[in-house]
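Visitor: Could you walk me through how to read the features of a two-chain model? I would like the general idea each time, then the case at hand.

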Amino acid sequence: MFEYDPVLYSRILTGLTLAFHTIFSTLGVGVPLLIALAEWIGIRRNDDHYHLLARRWARGYIITVAVGVVTGTAIALQLSLLWPNFMQVAGQTISLPLFLETFAFFFEAIFLGIYLYTWDRFKKKIYHLLLLIPVALGATLSGFFITTVNAFMNAPLGFTMENGVLKGVNPLLAMFNPATPTKMAHVLSSAYLTSACVLAAIAAFMILRGREHVYYKKALRLSMTVAFVCAISTAVIGDLSGKYLAEYQPEKLAAAEWHFETAEEASLILGGILDENNEVKYALEIPYALSILAHGTPDAEVTGLEEFPEEEWPPLVVHYFFDLMVGIGMFLALVSFVFMVMKWRKKSNELNRVLLWLIVSTGPLAMLAIEAGWFFTEEGRQPWILRGYMTTAEGATTSGYVDIMLYLFIALYAVLAVSAAAVLRRTFKANPAERELEKLGMK
Amino acid sequence: MDYELIGITVLWTFLYGYLIVASIDFGAGFFNYYSALTGRGPIVKKVINRYLSPVWEVTNVFLIFFYIGLVGFFPSLAFYYGTALLVPGSIAIILIALRGSYYAFHHYGNRESLWYQFLYGATGLLIPASLSVVLTLSEGGFIDVSGDEVQLNYAELFTSTYAWAVVFLAIVSVLYISASFLTFYAHKAGDSSAFSLLRKYALFWSGPTILASLLVFVSLREHNPDHFQRMLDMSWLFGLSLLFFAGAVYLIWKKKRLGVSFILVMLQFAAAFYGYGASHLPYVLYPYVTIYTSFTNDTMALALILAFIAGLMLLVPSLYLLMRLFLFDNDYVKGKK
């Protein structure tokens, strides 16, 4: 296929592991919040449907957690196996958040174990709900800490480099670098959004399949409400992320927007293709929008790619990832908005088939947007592994076996994906909600 | 005590914690499969599942803790071990991934599957074997370093008596630790048939465990005489370990005070493990890296130690709660909750 190059294979393998892990870790961060909300509403309204909802969501969640845990272990160890030179240098500054991430995960794992095995053990339901707080907190904190590591790689801070040796390390400054606030807010908000969309898609699909129980409608309404709130916050934070990029990583924003020449009143480019002379064709241009995205005013100057040496340009393909992410984000906001309006206006039926099918599509689309967003941000900082300090090629392993390992891991993830999907399907098919409702004596 | 020593002690403690909890877990997977295969599955299944289900995730974290801490306190180890361990490390990751997920698929999925049980039973024995390679490498002689190039010498590794002795020890001690814990747990649950089966397993695996320990001792003398000499200087610790072993086996044999017997098993491994670790110092990778040459900067070391203390204040009460609910709650253990 390619000539053997450990750097290229290391990049592909890392990308593959992260792309696979992201599916499960996104659900890992987002779903506990929805389970907690369902339990909380169940207690407040004294409605057992919501308790069952929490229970069934948790049952599927544990399967995704298992895959998330093992792929998370994989990426943690791969950091050193594939990028030993990078870890030797960066280990001096990023080990604190990595260490804290493990603590947060530990905390989550303990309470998740307790939560899952104590459904009927406490007399007061509220005690059981309280167990979810450390779970959601642990999930959120571990998302936060690990994101600071990624933010650090984008905006290294808190040390000085003298002849390849790190000096004057300040771990807190490294953690709370300029990229951290927007990045972590965007990661968390989009994880909640995606989880809500996935759960809403399942509920919508069941209703389309003819399930008429009010249980499914409650599931749909709860998850769509969360999706709507998070779609708005994700968009707002996304706008702030654009302003961060313009200030600290202008080459990434410029590559995403194919913005070659520094200009005022810059326009935003949607879609299109790039010919060999770097001319943009067939694109939709929105005047002033890039200036507004970058600096908040229509006449602001936006730095173009030409200000950077060409060997430091990110690959220009990131434009498509960026467009895909933003496009899907807008679509999710629109669908959830329409659902909310129709639910609120008594005379319109929010459960019409077209809207339900659109909701079904939001699940996979939201996950696709997460992947596109991560590919944009990671490819967008190429050729750097530590922006401005170390290139990706300098960080990689020199070992001769990365290609074989890549094939092994492709096989592993294929097996895990197929088995997890089969197990999830079987679990819910063999035990539909109606039967469980009946067994628990609910109507 | 300087930061370097604090760092390595913290890490060694995590590795010890992993050794105990992971052994229980790995061995349980094996016994679960083995007894299912020999038609005695239902006897031990309940005991194993009641203990393992709520804690399996926690086990994994001990390993990650050790690894992240190692990279944090000693970043240049990431370079040496990372480069040399690509293949054995990746294999370990794949085994861990298969084991963790198939454990969950088997338990939370809606169907019992012998194939899933085989996967997490077999991987449970292969993981300790593949992870023990790290300890083997730390003795030196298996890694070729020239300038910036680090390479693992597979021929040397696969023909070394010492390497095989370590693998052997890793596997049999997993089975021994696990069986002695499950014996205690079955006794607590009042499950007499599971108890007598597991007790047999525990007694059976105690012999090979001691044999393997001696084999590691003897082969280390050939492989790394320096280290062997330092171990002799601490021989009282290893003698103590042998005493704990004798006590534990005696109690299991006599079916008395099984909680104490498991504590003795833990002490047996603690004495040997800390003795081995302390005599290994100051080297972390003989003879290239010592704890002093590879240490992180002081600011980070202090930050890590502070984070560690803060983390423990959070974890210890949580772990206590977990144990109260699932390990020391008699009604739960007996299956009434």
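Guide: We will go through the interface, the nonpolar cores and the salt bridges. This is a predicted model, in which local features need pLDDT of at least 70 and side-chain atom pairs count only at pLDDT 80 or more, while totals for chains, interfaces and linings use all residues. Residues are numbered from 1 along each chain as its sequence is written, chains are lettered from A in the order in which they are written, and side-chain values use heavy atoms, with hydrogens and water left out.

Visitor: How many residues of chain B are in contact with chain A, and what area is buried between them?

Guide: The size of an interface is often given as the accessible area lost when the parts come together. Buried area here is that loss with a 1.4 Å probe, summed over both parts. Between chain B and chain A it is about 6,000 Å², with carbon and sulfur atoms giving 77%. B:Glu57, B:Leu86 and B:Ile93 supply 11% of what chain B buries against chain A, more than any other three residues. Counting contacts (heavy atoms within 4.5 Å), 65 residues of chain B meet 63 residues of chain A.

Visitor: Which parts does the pair B:Asp25 and B:Arg99 tie together?

Guide: Their side chains meet in a salt bridge at 2.3 Å, N to O. B:Asp25 lies in helix α1 (residues 3-37) of chain B and B:Arg99 in helix α5 of chain B, so the pair links parts 74 residues apart in sequence; helices are DSSP runs of H or I, at least four residues, numbered from the N terminus. Buried means under 20% relative accessible area, exposed over 50%, partly exposed in between (1.4 Å probe, protein chains only). B:Asp25 is buried at 6%, and B:Arg99 is buried at 5%.

Visitor: And which residues have the most contacts inside the largest nonpolar core?

Guide: In soluble globular proteins, nonpolar side chains tend to be buried together. A nonpolar core is a set of buried Ala, Val, Leu, Ile, Met, Phe, Trp, Tyr and Cys residues joined through side-chain atoms within 4.5 Å. The largest has 249 residues, and A:Phe86 and A:Leu220 have the most contacts inside it. Helix α3 (residues 84-116) of chain A gives the largest share of this core, 21 residues.

Note on methods: Buried area is the accessible area (1.4 Å probe) that two parts lose on being put together, summed over both. Helices (H or I, at least four residues) and strands (E, at least two) are DSSP runs, numbered from the N terminus. A salt bridge is a side-chain nitrogen of Lys or Arg within 4 Å of a carboxyl oxygen of Asp or Glu.
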